[in-house]
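Let's take a friendly walk through a protein model together. Have the sequence and the 3D view ready, and look up each residue as it comes along.

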Amino acid sequence: MLPALLACSFAGSFSQSMMNVALPEVARRFDVTLSVANWLIVGYMVVAATSIMLSAFLLGRLGLRRVFFVGVGALAIGSGAALLSPDFPTLFGSRLIQAIGTGLFFPMVTSAIMTNSPRRTLGTRLALNSGVIAIGLAVSPTVSGLALTYFGWSALFIVPLALALALLVVGAFLIRDGASPGHASADVLSVILGLTGLSALMFGLGEITHDVLPSVVALAGGAVLLALFAWRQFSASEPLLNLHPLAHPRFAAGIVLVMVGMLTSYSMSILLPLYYEGALGRTAFVSGLLLLGPVLVNAVFTFFGGRLYDKFGAWPLIPAGLVLVLIGQTGAFFSAQGFAAALVVLCSAAVYAGVGFVVAPSKTTALGQLPSNLYPHGASINSTAVQIASALGSSLFVGVLSADVLRDTVAGAAKAQAYASGFAHTLAIAIGIAAAGLVLAFFYARAMRRREARSR
C-alpha cells in the first residue's frame, strides 16, 4: 500500500505548485490581472486547507479506502475539466475541485503511515513521505513550464490527470481499510465560517493595492468570520479543528515560525517565475529550470536541518536559518533591478536553504511542547497553518507585484523594468516579515535551550 500512498503525496504536491510558472500566460490568455490569475493558486490553498480540516471527519466516517477514491476522483475530475476549460471561471472552478484531492491526500497518507507502520520504520516512512512531497514541489514547475512552453497552457493538466487515472486503477487493488469506519460528524457551520473567512481574508490581501476600500472591508469581514470560527472550535463538543493546542504558548510560537518559513518559501516559488518571465523574458520552461535548483537545495537543507536539530536542538538552528533567509532576500533585492539572473538564482537558493533550517525544526519543536493526547490535533493545526501561510504569501505578494506592474506600465515604464521594480518591492515586504520572524526565533530558540538544559 505504501507506494500508492506515496504516489498520492506526489500527485498532491505536484498539483499544488503546477500553476506557479503559468500566471503570466493565464493572465494574458484570459485578459485578467496577475492578482486575479493568482486566485488559481490562492483559491486552491483555501480549499485545500478546508479539506485538511475535514479530513479527520471523513477518515472516521468513510475510512481510508473511500477517502482515497474521493481524493483521487476529485483530482481526476478537476484536472480533466481544467484541460477542457474554455474560460477563466471554468478553469478556476476546476482548480478548486483539484484542491480537494491535495487537501485530503496529505493527512490521509500521514494517518495511514502512522497506523500501519511498525514503530522501528515509522520515522523512515514519514521522512520518505516528506521527501516525495518535496520532489513533487521541485519538479512540478519544470514539467509544467515544459508543457506550457511547447504544448500550450491546457497541456499543464495532462500530468495530474494521468496520475489520477493511474491511482484509480492501482488503488482499487492496493488500498484497504484498517479499522471499520465509524459515525463521526462534521460541524457544517465551522466549514462555512472557515471557508468564507479565509476567502475574504485572501481577497482583501490580494486586492489591497488595487482597490483599498473593498479590500479593507473584506479583511475586516474575514477577520470577524475567522474569529467566529475559532470561538466555534473552542465551544463545540466535536470541533472541526481542535484548537486547544494553541493554548500552549510554545506550541503557538513554533507554528508561527512554521508559517513564516512557508510564507517565505511558497511566495518565492511564485514570485521568481514572474520575475524570470516578466523582467528577464525567459520562457516558462526556463523559469521552471531556474527554480528547480533552489527548491532542491531546500530539500537537502531540510534533511541536514533535521540531523542538526537532533544534535543541537532549536538553538541556534532556527535563528540561523532566518539569518540565511534574510541574506538571500537582501541579495536578491539588490540584484533584481540590475537584471542579474545568476545572482538572483544564487540568492534564492540561500533563501530556500534557510527555510530548510526553519520549517521542520520549528514544527518538531512545537509538537514536542504538547501532551501526547493533543499531538494529533497539533499535527492537524500545523498542516492547516502551512496551507494558510502559503495562501497568505501568494495573495499579498502577487497582489503587490501586480499593482506595481500596472501602475508603472501605465506611467510609461518598460514591462521588464516594471516587473523588476515590483519584484524588488515585494522582497522589501518579505524582508520585514523575515526580520520579525528572526526576533521571535531568537527568543524562542533560546527559551527552548534553557528548558532543555534544566531538564537534564
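## A leucine and its contacts

If we set aside neighbours within four places in sequence, L168 is in contact with F69, V72, G73 and A76. Keep in mind that this is a predicted model. L168 sits in helix α8, which covers residues 158-174. L168 and F69 are 99 residues apart in sequence, yet their C-alpha atoms are 7.0 Å apart in space. Is L168 buried, partly exposed or exposed? Its relative accessible area is 28%, so L168 counts as partly exposed.

| Residue | Relative accessibility | Class |
|---|---|---|
| L168 | 28% | partly exposed |
| D408 | 15% | buried |
| F30 | 17% | buried |
| F88 | 12% | buried |

Why does D408 count as buried? Its relative accessibility is 15%, and buried means under 20%. D408 belongs to helix α16. Apart from neighbours within four places in sequence, D408 is in contact with A413, A418 and S421.

## Aromatic rings

How many aromatic pairs does the structure hold? There are 10. One of them joins F30 and F88 in an edge-to-face arrangement, with 6.2 Å from centre to centre and 65 degrees between the planes. This pair links distant parts of the chain: F30 is in helix α2 and F88 is in helix α6 (residues 88-116), 58 residues apart. Elsewhere, Y275, Y276 and F423 form one aromatic cluster.

In soluble globular proteins, nonpolar side chains tend to be buried together. In this model, the largest nonpolar core has 76 residues, and those with the most contacts inside it are M19, M202, Y275 and F423. A second, separate core has 53 residues, including L58, F68, L241 and A385.

Not counting residues up to four places away in sequence, M202 touches W39, V42, V46, I388, A391, L392 and S395.

## Empty space inside

Rolling a probe the size of a water molecule over the atoms shows where empty space is left. The structure holds one cavity of 30 Å³ or more, and the space in the largest cavity is about 30 Å³. Which residues line it? They are S35, N38, W39, V42, M202, G206, S395, V398 and G399. Helices α4 (39-62), α9 (188-207) and α16 each supply at least two lining residues, and α16 gives the most, with three. By class, this lining has four nonpolar residues, five polar ones and no charged ones.

The elements that give two or more residues to the lining are α2 (23-30), α7 (119-151), α11 (249-278), α16 (375-410) and α17 (415-455). What classes of residue make up this lining? It has 10 nonpolar, seven polar and six charged residues.

How values were computed: Residues numbered from 1 in each chain as written. Predicted model: local features only at pLDDT ≥ 70, side-chain atom pairs only at ≥ 80, totals over all residues. Heavy atoms only, no water. Helix = DSSP H or I, 4+ residues; strand = E, 2+ residues; numbered from the N terminus. Nonpolar A, V, L, I, M, F, W, Y, C, P; charged D, E, K, R; others polar. Core = buried A, V, L, I, M, F, W, Y, C linked by side-chain atoms within 4.5 Å. Buried < 20%, exposed > 50% of the residue type's maximum accessible area, 1.4 Å probe, protein only. Contact = heavy atoms within 4.5 Å. Phe/Tyr/Trp six-rings, centres within 6.5 Å; stacked < 30°, edge-to-face > 60°. 1 Å grid on protein atoms, 1.4 Å probe; cavity = no way out; pocket = protein on both sides within 12 Å on 5 of 7 lines; lining within 4 Å. Points joined across faces, edges and corners; volume = space filled by probe spheres on them.
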